[in-house]
Amino acid sequence: MCPEIQDTIVAVSTPSGRSLHAIIKISGQEAIHCIKDFFVSASHLDLETAPSYPSVQGHLYIPEEHINIPVVLYIMKKPYSYTKEDVVEIHTIGSPPLLDMLLNAFLSKGIQTKRGIRLSQPGEFTKRAFLHGRIDLAQAEATMRIIRAQTDLELKAAIAHLTGDVSQEIRRIQDDSISLCSHIEA
């Protein structure tokens, strides 16, 4: 497996610009450890022992800036996440300077502790989902087509691919071909 697949990655997963709501996503084996360094839970829930899919309200404390940022965390533990890795989604206010501050805090803490945390490349979450077997190649390509769709028709076609219709048809044709070959050999 690629060495960069073992890194923990972080990225803002909502469109850039000002908004009421933004999401930062962290994926990889150090995702939960990374967030524990900054997160103060309102319910005192231990993130490592929590079940998969809890939502936890609290705030992120950024020591360099001496500020608390209100957040809601969604914890998805492997193999139940999109990437089949531990994933933490941070839901917070969509202020670009605030999001930059959070990303810088995660990345600098990762460098300090040598945790292998880095900014993700475009499409890397989907790449990891594909490499870990969560989605097939047709579904990975459909994800890209959904993001790039400019018309309703393009969007509907991409969604049909994402649901696996194309992959199921390919598997059916493959199974029929194998069956036909076995009949011919027999």
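Start with helix α4: its twelve residues, 137–148, should span 16 Å at 1.5 Å a residue, and the end C-alpha atoms sit 17 Å apart, which agrees. (The expected span is 1.5 Å times one less than the number of residues.) This is a predicted model, where local features need pLDDT of at least 70 and side-chain atom pairs count only at pLDDT 80 or more, while totals for chains, interfaces and linings use all residues. Numbering starts from 1 along each chain as its sequence is written, and side-chain values use heavy atoms, with hydrogens and water left out. Helices (H or I, at least four residues) and strands (E, at least two) are DSSP runs, numbered from the N terminus.

**Around helix α4**

- Ala-138, Gln-139, Ala-140, Ala-142 and Thr-143 are the buried residues of α4; buried means under 20% relative accessible area, exposed over 50%, and partly exposed in between (1.4 Å probe, protein chains only).
- Those buried residues pack against α3 (124–131), α5 (152–162) and α6 (165–185), where contact means heavy atoms within 4.5 Å.
- An α-helix has 3.6 residues a turn, so residues three or four places apart point the same way.
- The N-terminal end of α4 is capped by Asp-136, with a side-chain oxygen 3.2 Å from the backbone nitrogen of Ala-138. (A polar contact is a pair of N or O atoms within 3.5 Å; within protein, one must be able to donate a hydrogen and the other to accept it, and residues adjacent in sequence count only if both atoms are side-chain atoms.)

**The sheet as a whole**

- Seven strands make an open sheet with mixed pairing, in the order β3-β4-β5-β6-β2-β1-β7; two strands pair if DSSP finds at least two bridges between them.
- At the edges are β3 and β7 (117–119), each pairing on one side only.
- From one strand to the next, the twist averages 30°.
- Helix α3 packs on the sheet, touching β1, β2 and β7, and its direction makes about 140° with that of β1. (Axes are lines fitted to C-alpha atoms, for helices over the stretch in contact, and angles run from 0 to 180 degrees between N-to-C directions.)

**Strand by strand**

- β1 (residues 8–12) and β2 (residues 19–27) pair antiparallel over four bridges, and Ile-9 has Ser-27 as its bridge partner in β2.
- These two strands form a hairpin with six residues between them, and Gly-17 in the turn has a positive phi of about 115°.
- β2 also pairs antiparallel with β6 (residues 87–94), this time over seven bridges; Ile-26 stands opposite Val-88, and Ile-24 stands opposite Ile-90.
- On the β5 side, five bridges join β5 to β6 in an antiparallel run, with Val-88 as the bridge partner of Ile-75.
- Seven of the eight residues of β6 are buried, so the rest of the structure largely encloses this strand.
- β4 and β5 run antiparallel and are joined by eight bridges, including the one between Val-56 and Leu-73.

- Most residues other than glycine have a negative phi, and most peptide bonds are trans.
- Lys-78 to Pro-79 is a cis peptide bond, with omega near 0°, and Pro-79 lies in the loop between β5 (67–76) and β6.
- Lys-84 sits in the loop between β5 and β6, and has a positive phi of about 60° although it is not a glycine; with a relative accessible area of 30%, Lys-84 is partly exposed.
- His-44 also isn't a glycine, yet has a positive phi of about 60°. You'll find His-44 in the loop between β3 (39–41) and β4 (55–62), and its 74% relative accessibility counts as exposed.
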